[in-house]
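Okay, everyone, have a look at this one with me.

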Amino acid sequence: MRQPMIMRLAGLHSPRGWLLFLLLSAAVLLLVPVLNRVVPPDSFFYMPNWMVTLLGRFLCLALVALALDLIWGYTGILSLGHGAFFAVGGYAMGMHLTRNTYEEGSVPNFIQFLGMSDWPWFWAPFEYFWATALLVVLAPGLLALVFGFLAFRSRVRGVYFAIITQALTFALMLLFFRTETGLGGDTGLTNFQEVLGFSLRSNDARLTLYLLSGVVLILAYLLCRFIVTSKLGRVLTAIRDAENRVRFTGYNPLRYKLFVWTFSAMLCGLAGALYVPQTGVINPGEMAPAVSIEMAVWVALGGRGTLVGALAGAGIVNGAKSWFTAAYPELWLFFLGALFIFVTLFLPRGVVGLFDRLRKEKRS
């Protein structure tokens, strides 16, 4: 039994692909810590702590792009509401961090504003890290399961599905903005102090969160690669290309679409949970429709249906966003819109598709 599994894992990439994967993984898990901890601070190659945190956030956002590519690139389901699942996972972690910031008998101001002297009942599980870790994936997963079952059973597809996912995230944003929900209202949750007894402001915690984000992203990529190269992945691709034909051959597309949709939402929840302690805040703004649309731009730019392209697209767009919002904040949205139009017109297969085309032309 072991040999077939080893062969199956080896078949996820070509030898050259595995070499590139190992080099990139080493750069994420080894190079960054060395540049941050070993290289002297006065060296040109020294990586400051704030950059480690920034790269950790990028890894979390790359995980979101990976999850979106799984359902859009391989299954043909365009979601413009994945920001909701990302935020739900982030709120779950934020509630745990907030709960453990306050001493016994004290509550934050937004709870006192509601005339309450104790935590609301739904905050109880978030006192424990193990319960929070479960809810980080179960809460967005359950939301996606219910929503997806109702939508897929009604055979909502294409642009109509994209519209109702946008409506989902907008409705959740309005709900979380309300102060009476007991989740901080428009301010959200912030002022996090520690996790598992470690101060979030320490450099050790920052590096640990970065490494944890890197390990989760690498494992998630391998799992997604395993899915898309399996029989399940071939069925998902067939659903993307001709769902009615798949149904006529005896397969039930509902089950496959519901599985990949729920799994994708759980990955987003995990990304949100890793993102929040590195950002220091979670608020309803993460559910804004524009955030989910931007996630789709990441995948489109990198090249949907490739997984690697989704990761590259997330890195390119978020790197550009960090620079633009610091140097020319008023131009960022114009640049993002122009980028999306350019990709749609001239790079329909994204950056990865462009490299593939150039490589084929060079060979010929």
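So, just past helix 10, Gly280 has a positive phi of about 90°. Helices here are DSSP runs of H or I, at least four residues, numbered from the N terminus. Before I go on: this is a predicted model, where local features need pLDDT of at least 70, side-chain atom pairs count only at pLDDT 80 or more, and totals for chains, interfaces and linings use all residues. Residues are numbered from 1 along each chain as its sequence is written, and side-chain values use heavy atoms, with hydrogens and water left out.

Back to helix 10, residues 253-279: 21 of its 27 residues are buried, meaning under 20% relative accessible area with a 1.4 Å probe, protein chains only.

Now the largest pocket, with about 1300 Å³ of space. Which elements give two or more residues to its lining? Helices 2, 3, 8, 12 and 14 do, and helix 2 gives the most, nine residues. There are 32 lining residues, and nearest the centre are Leu20, Leu24, Val308, Leu311 and Ala312. Lining residues have an atom within 4 Å of a point on a 1 Å grid; a pocket is an open set of points where a 1.4 Å probe fits, with protein on both sides within 12 Å along at least five of seven lines.

Last, Val146 in helix 6, residues 129-153. Val146 is partly exposed, at 45% relative accessible area, so between the 20% and 50% cut-offs.

Technical notes: Grid points are joined across faces, edges and corners, and a volume is the space filled by probe spheres set on the points.
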